[in-house]
Amino acid sequence: MRAPRARKGTDMSKNEDLIKTPVNDMPEKTQTSMIKVEHLVKHYGANCAVDDVSFEIARGEVVGFLGPNGAGKSTTLNIITGYLSSTSGRVSVDGINVLDAPLAVKQRVGYLPEQPPLYPDMTVEEYLIFVYNLKKCDLNRTKHLEEICEVVKLTDVYHRLIRHLSKGYRQRVGIAQALIGNPPVIIFDEPTVGLDPKQIIEIRNLIRTLGKDHTVVLSTHILQEVQAVCDRIIIINKGRIVADEMTENINRVAGSNSRYSIKICGPQKEVLSLLRARHDVVYADVLPTRDGDAYTYQIEAQKGLDIRKSLFYAMAERSFPIVGFESIGMSLEDIFISVVDKSEGAAPEKGRGKRGKGLPVEQDIAASIIASTAEKQKNIEPYQGDD
Amino acid sequence: MLAIFKKEMRAYFINPVGYVYVGVFLTVASLICSYTTIQQANYDTSAYFQYLLFVFVILIPLLTMRLFAEERKMRTEQLLLTTPVTITGMVMGKYLAALTLFVSTILASCINFFPLFSYAIAEKAQSTVDSHVGPVGGQMVGCLIGVMLIGAAFIAIGLFVSSLTENQLSAAVITIGVLVGMMLIGIFNNFIAAAPVRAVFSWISILSRYEGFALGLFDFAAVVYYISIVAIFLFLTVRVYEKRRWG
């Protein structure tokens with residue numbers, strides 16, 4: 001039974017410049033959001049691991065949960081699954097409060113922690129049967145486990161001791177265990193770590209397939225994975241949510257800037273000053289790489305202007321041949337790093353090269369992401385306190 | 001809870017721990033039994049049971065050390081606590097598995113008594129005296145029950161200690177320490193001069209309650225005492241996990 005995923009209403013034509021997601025761009029909320037986190041706070045002694053985190057995940061969404069190490073990702077996920085309890089705040093899964101009815105919540109969640117919890121002395125079959133019993137599953141056992149093993153490709157090693165499995169297979173056993181019982185919510189914490197490229201692609205396809213019927217939360221460091229698989233990205237840093245955007249919005253903005261990498265022959269200083277003098281060039285810098293007598297320059301043009309032709313003629317006038325002209329988009333890594341830095345208030349460095357942290361357009365995008373997320377966060381009702 | 005119980009029972013026999021425990025216990029029990037009864041040419045089994053308690057002090061920690069320490073080390077407790085199993089269910093499942101193995105082994109060691117009974121029968125046939133010959137059945141049953149209750153209490157203590165640490169060896173050593181301490185209170189109680197201190201110690205001592213069973217008396221208060229110890233330590237184990245969840 002496949003429920004169609006709610007198509008979010010994003011109006012791409014309206015946004016010319018940076019991301020502005022008005023409230024009606026949020027995914028259509030089904031009657032109960034699948035996961036609702038409200039003003040979650042978690043202290044470990046004096047240390048605040050999670051500081052007022054709030055977000056909602058609708059049924060059927062695939063959400064990427066990003067953040068630097070130590071940002072509070074695993075803590076938040078552990079609280080959602082009921083492994084830890086929050087210091088304050090409310091978490092509910094499928095309308096059920098985790099603190100009131102933790103068993104009911106755990107019945108509905110399949111969880112793959114960062115380190116897959118495997119028993120080395122068991123065979124894959126024994127382990128999956130054990131988890132099947134733990135989850136009090138009532139589907140036909142042989143058939144259900146067979147299906148899962150086919151999907152995760154474990155049938156060859158079904159009778160092998162877990163101790164004797166390679167890392168990739170162990171990871172797959174961990175994934176299989178999360179799928180037992182067909183829980184409506186599946187949480188993966190770094191599922192593709194340690195897998196070879198082919199396996200990574202397989203797992204990503206698997207997650208995409210799962211996303212059609214289940215609500216999936218994917219916590220990972222691999223940003224391409226998030227871009228490839230998730231509908232929505234939530235970035236958490238130092239215990240606070242700093243970004244909560246639809247992936248397509250971020251992709252769109254990342255691709256729509258006007259950044260070019262140009263190889264121009266000629267004396268470096270002159271070319272650079274010529275570029276910087278142009279009124280339609282917002283930023284220009286030179287890279288240390290050389291190709292013959294051509295240097296590579298990274299420039300950022302004013303939005304909306306196509307500077308290529310005029311630049312060509314301008315350079316030709318001064319006899320500076322342009323031997324390479326490439327448009328470069330922004331990678332999610334850059335945006336991620338900018339968002340994290342910006343949210344920490346770090347001073348921008350003048351970065352050289354593609355992955356420089358300080359390029360103005362990235363700063364601006366990061367700022368707008370953070371601002372729009374803060375707006376949404378304000379709209380969340382303050383926590384009413386324990387009922 | 002049942003799933004965890006089954007898993008632990010299996011785990012005892014996949015690892016060497018289960019076999020070592022059963023093997024060592026049966027061997028040592030047989031040796032002690034033969035030394036204290038047949039070699040001494042008497043039917044009194046009370047010394048045998050007393051020695052058995054010391055064997056428990058060493059062997060029961062072996063049984064309990066891996067129950068929680070391994071889960072913590074391998075991080076598999078994260079699996080157990082994110083499935084619909086309560087902390088109490090998890091603790092009870094493990095406790096019952098250890099208890100089942102313990103009780104089965106004790107019952108198996110009762111074959112040590114067959115020689116005693118067979119000698120008694122032979123002797124009775126030959127003897128002309130009318131008095132009772134042979135091991136006193138009631139006393140033996142009393143001792144068995146007493147010893148099983150003490151073992152149940154020891155297992156609960158061992159379980160609690162195992163939940164405090166990730167290292168199985170630490171768990172075993174600490175448990176041995178605690179159990180030795182408890183036995184010592186019972187033994188040296190008689191040497192303490194101050195009467196009030198002695199009264200307190202004999203009230204909490206695990207051995208003093210056992211003496212009733214050794215005589216074949218069924219003391220209900222003593223049963224309650226042992227079951228309370230079990231309940232207290234199981235409760236403490238659950239609290240340890242609750243604290244981890246909240247802290």
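**Close-up views of a two-chain predicted model**

Read along the sequence, chain B follows the pattern α-α-α-α-α-α-α-α-α-α-α. This is a predicted model, in which local features need pLDDT of at least 70, side-chain atom pairs count only at pLDDT 80 or more, and totals for chains, interfaces and linings use all residues. Residues are numbered from 1 along each chain as its sequence is written, while chains are lettered from A and ligands numbered from 1 in the order in which they are written.

**View 1. Chain B contains 11 helices and zero strands.** Helices (H or I, at least four residues) and strands (E, at least two) are DSSP runs, numbered from the N terminus. The C-alpha trace of chain B spans about 70 × 50 × 30 Å along its principal axes. Of the 247 residues in chain B, 34% are buried (20 or more other C-beta atoms within 10 Å of the residue's own, with C-beta atoms placed from the backbone). Among contacts in chain B (C-beta atoms, placed from the backbone, within 7 Å) with a separation of 6 or more, 75% are between residues 24 or more positions apart.

**View 2. Helix H5 (residues 87–109) of chain B packs against helix H11 (residues 220–246) of chain B.** The angle between H5(B) and H11(B) is about 135 degrees and their axes are 9 Å apart; axes are lines fitted to C-alpha atoms over the stretch in contact, and angles run from 0 to 180 degrees between N-to-C directions. On the H5(B) side, B:Ile87, B:Thr88, B:Val91 and B:Tyr95 meet B:Leu234, B:Thr237, B:Val238, B:Tyr241 and B:Glu242 in H11(B).

**View 3. A:Leu218 and A:Val339 touch the most other members of the largest nonpolar core, which has 136 residues.** A nonpolar core is a set of buried Ala, Val, Leu, Ile, Met, Phe, Trp, Tyr and Cys residues joined through C-beta atoms within 7 Å. Helix H7 (residues 137–162) of chain B gives the largest share of this core, 13 residues. Leaving aside residues up to four places away in sequence, A:Val339 touches A:Ile235, A:Val242, A:Ala243, A:Ala366, A:Ile369 and A:Ile370. A second, separate core of 11 residues includes A:Ile262, A:Ala284, A:Tyr295 and A:Tyr297.

**View 4. Chain A is divided into domain 1 (22–251) and domain 2 (258–327).** These bounds come from an automatic or database domain assignment. The centres of domain 1 of chain A and domain 2 of chain A, taken over C-alpha atoms, are 46 Å apart. Chain A has 12 helices and 14 strands.

Note on methods
A residue is buried if 20 or more other C-beta atoms lie within 10 Å of its own, exposed if 12 or fewer, and partly exposed in between; C-beta atoms are placed from the backbone. Two residues are in contact if their C-beta atoms, placed from the backbone, lie within 7 Å.
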